[in-house]
Amino acid sequence: MAQFPVNAQRFDPYKNFKFRVRWEGRVVAGVSKVSALKRSTEIVSHREGGDVSTPRHSPGSSKFDPITMERGITWDTEFQDWANLVYSTTGGDAAVSLLNYKRDILIDFLNLQGTVVRTYRVFNCWVSEFTSLPELDANSQSIAMETIIIQNEGFERDESVVEVPET
């Protein structure tokens with residue numbers, strides 16, 4: 001089977017630097033880095049009574065690694081607003097409402113022409129860590145980045161996104 005059935009002339013895999021993140025029906029501005037979507041399944045080992053030397057293995061429960069997102073600091077408050085749904089300094093007891101703190105996110109992966117070639121839906125995400133201001137260094141020439149770490153309950157590839165002819 002060809003690597004690219006519709007674009008058979010293509011040999012190079014897709015590059016990893018064109019993507020966008022969407023939640024609540026809109027594209028999140030300025031996201032420059034998203035960590036890998038990773039699932040791991042525990043191994044359950046067992047032995048049969050008559051077989052002393054060879055353990056058997058079967059799958060156990062699966063878990064999904066947290067996702068880290070970074071973007072340059074701007075006036076947009078999307079990261080902060082979402083992170084604040086699980087933390088509050090207002091009120092006498094700093095109580096928070098956990099209504100709507102989880103959301104599904106979409107990660108669109110694009111080819112060099114800007115066409116979506118894959119989309120992943122990540123389920124029941126919430127912000128467990130928020131870095132609003134990075135370490136500051138007067139001798140550095142880098143962009144100040146804010147970061148969120150998102151817990152999630154799994155992801156799936158959107159199979160409705162199919163390969164389209166490239167021009």
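A nonpolar core is a set of buried Ala, Val, Leu, Ile, Met, Phe, Trp, Tyr and Cys residues joined through side-chain atoms within 4.5 Å. The model on screen is predicted.

**The core**

Start by selecting W23, M69, F79, W82, I105, I148 and I150. These residues have the most contacts inside the largest nonpolar core, which has 16 residues. To see which elements give two or more residues to this core, colour strands β1 (19-23), β6 (67-72), β7 (103-110), β8 (116-131) and β9 (145-151), along with helix α1 (78-83).

Next, centre on I148. Beyond its neighbours within four places in sequence, I148 is in contact with W23, I67, T68, M69, F79, W82, V127, E129 and F130.

Select E78 in helix α1. Is E78 buried or exposed? Its relative accessibility is 15%, so E78 counts as buried. The E78 side chain makes a polar contact with the side chain of W23, at 2.8 Å. With neighbours within four places in sequence left aside, the contacts of E78 are W23, R26, V28 and R71.

**Salt bridges**

The structure holds eleven salt bridges.

R20 counts as partly exposed because its relative accessibility is 32%, whereas D108, at 0%, counts as buried.

R103 is buried at 11% relative accessibility, while E24 is partly exposed at 47%.

K38 belongs to the loop between β3 (31-34) and β4 (39-46), and D65 to the loop between β5 (56-64) and β6, so the pair ties together parts 27 residues apart in sequence. Both residues are partly exposed, K38 at 46% and D65 at 25%.

Now display E24, R26, E78 and R103 together: salt bridges that share partners join these four into one network.

**A surface patch**

Finish with I73, L133 and L136, which form a nonpolar patch on the surface with about 300 Å² of accessible area together. L136 is in the loop between β8 and β9. With a relative accessible area of 62%, L136 is exposed.

Technical notes: Residues are numbered from 1 along each chain as its sequence is written. This is a predicted model: local features need pLDDT of at least 70, side-chain atom pairs count only at pLDDT 80 or more; totals for chains, interfaces and linings use all residues. Side-chain values use heavy atoms; hydrogens and water are left out. Buried means under 20% relative accessible area, exposed over 50%, partly exposed in between (1.4 Å probe, protein chains only). Helices (H or I, at least four residues) and strands (E, at least two) are DSSP runs, numbered from the N terminus. Contact means heavy atoms within 4.5 Å. Patches are made of residues with over 30% relative accessible area and no salt bridge: like charges are joined within 9 Å, nonpolar side chains (Val, Leu, Ile, Met, Phe, Trp, Tyr) within 5 Å. Accessible areas come from the Shrake-Rupley method with a 1.4 Å probe; for residues, only the protein chains shown count as cover. A salt bridge is a side-chain nitrogen of Lys or Arg within 4 Å of a carboxyl oxygen of Asp or Glu. A polar contact is a pair of N or O atoms within 3.5 Å; within protein, one must be able to donate a hydrogen and the other to accept it, and residues adjacent in sequence count only if both atoms are side-chain atoms.
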